Every structure is written in C-alpha cells, then in structure tokens.
Amino acid sequence: APVETRLRSLLAMQDLPSRVANPIIREMLADPSDDVRLVAYGILDSREKSINRRIHALRERLARGEASLVVQLTVLRQLAELYWELIYQGLVQGDLRRHAAEQAEKHLDAALEIAPEDPALWALRGRLEVGAGRFPQARRAFGNAAGYGLAEARVLPFLAEASFHLRDYAHVRDLLARIAETSHTQRMSQVIEYWGGGGSPAR
C-alpha cells in the first residue's frame, strides 16, 4: 500500500484498544518508510511514558512511607496493575518485560501481605502467572480469587486457559460448560461451541 495509506491506517489504529493495536504498531517499526516508523515509534513511546509517569509518581508516594495501610494497599495495587499494563499492552519487550513482571510481582506480594483475602489481587496474580507460563500456580491463584468472592464469570475463562496449557482438556470442557450457563462474549461462544462439539487439540 502507498505510504499515505499506511500512515492513515496507523493513525486509525490509535482508536483501537491498546492490547490489540500495539503489537501491530510495533510491527510497523520495521516499515521501509521513515515517516511510518517515526509515527509508530511516537505512538508506542507516548503510551509507555504515560504509564511510566504514573508509576514514578506512585513509587515516590510509597517511598515517603507516611501513608496508612489502606493508602499503602491502594498504591501497591496500582503499581502492580500499571506494571502489568506495560506487559499486557505489549509496550515492553525482553529485559524490560522481565523487569516489569518482577516489579508487578514485588508490589503484588506486598499488597497481598496487607490484604491476603483480596480476590482482585489474586486474580492479578493469576494473570501474571499465566503471562510467565506458570500454569499450576495460575490455577491456584484464580482458585483463591474465586474462593475469596470474585464472580465466577470473571474467573472461569482464565481457569480454562490455564487448564488448556496443562493439557487438562476434560477440565477445560467442564469449565466451558459452566461458562455457557453465564453471559459471555460472541468470541467465547465460538470457543464453547467448538469444545462442546467434541473438539480438542490432538496434542
């Protein structure tokens, strides 16, 4: 496509969810056009800096050490979520991604020391474990999230994903059958239909 068309497409992608758009924008860093590469870099750099500014402000607030436990919990939760956003949105790669994961886990661990029965914290722990490929730990974390009161509809898809990676396909079918009884997206409907029809990976 002409450079002008690629630029228009690139700019239009800013209206898409970052999780969807960022990997595509990152691919355009290898575009033969200098203009396209510069715009792609500018978009990704702006998004990363926006999150890092918020991280910096929260870290400074935490370093002062004057806040109550409630405030500390809020700050630690936000830090863990922001570091996870860097990973989830595909804004960091390689060593930066590993650093973001380590920082997310560090602040999450500190938050869980304050609120060990917080279901949202356990759900985030599960997502971090999935991102790291630690699927048995992910299942335990999501199980804790459900046990401490997180709505089943928010937990089951992640449990199914972890079970799939562990090749526990019978459990995947059971979980998807339970998901089918709740509200779910069109995309999830297709997954449920596939597994409900007896489909499963050969290996």
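User: Which element supplies the largest share of the lining of the second largest pocket?

Analyst: This is a predicted model, where local features need pLDDT of at least 70, side-chain atom pairs count only at pLDDT 80 or more, and totals for chains, interfaces and linings use all residues. A pocket is an open set of points on a 1 Å grid over the protein atoms alone, where a 1.4 Å probe fits and protein lies on both sides within 12 Å along at least five of seven lines; lining residues have an atom within 4 Å of a point. For the second largest pocket, 5 lining residues come from the top contributor, H5.

User: What volume does the second largest pocket have?

Analyst: Volume here is the space filled by probe spheres set on the grid points, which are joined across faces, edges and corners. Residues lining the second largest pocket include Trp84, Arg97, Glu105 and Arg134. The volume is about 170 Å³.

User: How many charged residues are in the lining of the second largest pocket?

Analyst: Asp, Glu, Lys and Arg count as charged; Ala, Val, Leu, Ile, Met, Phe, Trp, Tyr, Cys and Pro as nonpolar; the others, Gly among them, as polar. This lining has 5 nonpolar residues and 1 polar residue. Its charged residues number 5.

User: Which element gives the most to the lining of the largest pocket?

Analyst: The largest pocket has a volume of about 1200 Å³. Of its 34 lining residues, the closest to its centre are Tyr88, Arg127, Pro157, Phe158 and Glu161. Elements giving two or more residues include helix H4 (69-88), helix H6 (119-131) and helix H8 (152-165). With 9 residues, the leading element is H8.

User: How many helices does the chain have?

Analyst: Helices (H or I, at least four residues) and strands (E, at least two) are DSSP runs, numbered from the N terminus. The chain has 0 strands. Its helices number 10.

User: What share of the chain's residues is buried?

Analyst: Buried means under 20% relative accessible area, exposed over 50%, and partly exposed in between, with a 1.4 Å probe and protein chains only. The chain has 203 residues. The buried share is 36%.

User: Which residue's side chain makes a polar contact of 2.6 Å with the side chain of Arg77?

Analyst: A polar contact is a pair of N or O atoms within 3.5 Å; within protein, one must be able to donate a hydrogen and the other to accept it, and residues adjacent in sequence count only if both atoms are side-chain atoms. Arg77 lies in helix H4. Across the 2.6 Å contact sits Asp118.

User: Is Asp168 buried or partly exposed?

Analyst: Asp168 is in the loop between H8 and H9. Its side chain makes a polar contact of 3.2 Å with the side chain of Arg139. Asp168 has 27% relative accessibility, so it counts as partly exposed.

User: What is the phi of Arg167 near?

Analyst: Most residues other than glycine have a negative phi. Arg167, in the loop between H8 and H9, is exposed at 58% relative accessible area. Its phi is positive, near 60°.

Terms used
Residues numbered from 1 in each chain as written. Heavy atoms only, no water.
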